[in-house]
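Student: I am new to this structure. Please take me through one part of it closely.

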Amino acid sequence: MQNVKKINQVTYSKIFFYFFICFAVSVSILFFSLSFGGKFINPFEFFSSDSAVFMSLRLPRVLADFMVGAGLSIVGCSFQTFFRNPLADPFILGIAGAAAVGVAFSLFLGVSGFIPTQILSLSFALVTIFFVYWVAGGLSSVTANSLILVGVGLNFFFTSIITFFNSVLSESFTKDLLMWYLGSTVFLDLNIVFISLLIVAVLSVILYMQSGKLNVYLLGESFAVNSGVSIKQFSLIIYITGSLITSVSVALCGAIGFVGIIIPHIVKIIAGLDHRLNMILCFFAGGSFLVIIDTFFKTVFFPYEVPIGAVTAIIGTPFFIYILRRRI
Amino acid sequence: MYRILLSFVFFCFLGAFSQAHAEYRIVSLAPNVTEILFEIGLGDQVVGVTDKGNYPAKVKNITKIGSYYRPSIEKILMLEPTHVLGMREGYTKRLKYKLDKLGIRNRFFKVDEYRDISRMIGEIGKIFGKSTESIRSRIDTYFNSGKIDYKGDVVFLISAKPAYAVGGGNFVNDILKCANLRNALAGSENDFPQINYEKILQLNPDYIILAKRHGNSQADSFFYEKIERFGEETKILEVKPDIFLRPSYRIIDACKTLKKLIR
């Protein structure tokens, strides 16, 4: 009942207010982070001074950081409620594992070029989404539990395939795959980033449209059913949109972990349990978090490229343990 | 008419002069490429190298563009290179894609056997208008002599934990041949296969060569702990990985070193 009270306290004016504040803060962070890197570029000279560095390197990278951080955080937020598991993250359903197997196959087959590797990785992830859904019971009898069980099982399967490849194939293969696993937003083109950011934003809006239902679902499945929520439809939307966002992020930038777990937890601690509010906060906070982390490390360690996947985990792990300790 | 002829001759000279003193700004993404560039007299035109570059000693003073596996494209761009050269492995697909998009002239080489090293040196020379005949003929003299008088079987480990060995069809295998050693794993399908110690025991080679990497003492002690179980007939040799595992003209030094070690 305390949860219901907390949820009812959030008004639409408060949601709009937070949305605009978050939007403004995120745009400011994105804007100022474009100044940092190898050398400081004055924000008023972005287009005039070093346009190649700005347009081809910094802008796509910062937008890709935001896209991955925002997408994975909002998915993590909805998955944690949907699966009723504080440890649920966007990778729990085996999407990252499937994408990694796609990359491994592309390396194994010697597929040349960057784009074909991404396409293969995305294809594996998409096939896995539908396979998990089908094995978990399909439209007729799918539940959150069956999805998570199938997903975790498949994750083990994919991890085993990767380990097997690593053991049997040569050292360079292992290195290539490790590099992919660590994640990077360096190599994307501006047009690819724009398209993927748009896709992630649209999918996030679809996911956000389920925020009210997630609030009801939080109070219990039977409560949700009695309140008129179609669990099958709701599950399908949460699962498909969440998995699609994850697939796009992973296929383009690798498995950047922890952002999908830590940001939702921070937001829930600060903003409470109302998904109408905390999904918005997760989206902007997650995106801004990854932009700040990547900008900080690329500037401090320049010219060394610190893999963003490793950095988020370094910062994420202590916080994750803290969260776990609080729950225990 | 006289003036026109004089101007023509002047511009011809000017053109020839500027061709001979063409200023390149080369970024080398691989230590072996850096070594080759210095050897063919382009060292003073190398403006960026990765952190793995350590030969010749002058390389230490050249601007670093990041690590071998993750060079900074922003740093490369800031150096305004005329050419970026590297090896076709690791992150290079993505890197090449980005360099192409940025309009930076780049070339990534693929090396398997020693012939590819010779070819790569030739291609680098051709790009910058430098003669590489003497280096290439030196390599050929050592590696294409025709007669091999085998002195024993060998397993060459490039890493001890996990154990990765040298398979067939690569330039390290050619170094072993050059030093009159038979690679026990020459028939392997992979260039650098992972191998377990039981297999090494089964192969019972005359020599086990370990490319000892600096600061990897835990792996080395693990290696010796395992290797102690071998018979006394198997000799353990330690070599510096730089000259053995970098596909450059220094494979000649590697061959000489190995010959000396087994003598």
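Student: Is H4(A) mostly covered or mostly uncovered, and how many of its 15 residues are buried?

Tutor: A word on the source first. This is a predicted model, where local features need pLDDT of at least 70, side-chain atom pairs count only at pLDDT 80 or more, and totals for chains, interfaces and linings use all residues. Residues are numbered from 1 along each chain as its sequence is written, while chains are lettered from A and ligands numbered from 1 in the order in which they are written.

Now the helix. H4(A) is mostly covered, with 12 of its 15 residues buried. A residue is buried if 20 or more other C-beta atoms lie within 10 Å of its own, exposed if 12 or fewer, and partly exposed in between; C-beta atoms are placed from the backbone. Among the buried residues of H4(A) are A:Ile95, A:Gly102, A:Val103, A:Ser106 and A:Leu107. Helices (H or I, at least four residues) and strands (E, at least two) are DSSP runs, numbered from the N terminus.

Next, its length. From first C-alpha to last, H4(A) reaches 21 Å, close to the 21 Å expected at 1.5 Å a residue. The expected span is 1.5 Å times one less than the number of residues.

Then its partner. Helix H4 (residues 95-109) of chain A packs with helix H7 (residues 144-168) of chain A at an angle of about 25°, their axes 9 Å apart. That makes H4(A) roughly parallel to H7(A). Angles under 35 degrees count as roughly parallel, over 145 as roughly antiparallel, 65 to 115 as roughly perpendicular and the rest as oblique. Axes are lines fitted to C-alpha atoms, for helices over the stretch in contact, and angles run from 0 to 180 degrees between N-to-C directions. The crossing of H4(A) past H7(A) is left-handed: the near helix is turned anticlockwise from the far one by less than a right angle, whereas clockwise would be right-handed.

Who meets whom? On the H4(A) side are A:Gly97, A:Ala98, A:Ala100, A:Val101, A:Ala104 and A:Phe108. H7(A) brings residues including A:Leu154, A:Phe158, A:Ile161 and A:Phe165. Contact puts the C-beta atoms of two residues, placed from the backbone, within 7 Å. By class, the residues of this contact are 10 nonpolar, three polar and no charged. Ala, Val, Leu, Ile, Met, Phe, Trp, Tyr, Cys and Pro count as nonpolar, Asp, Glu, Lys and Arg as charged, and the others, Gly among them, as polar.
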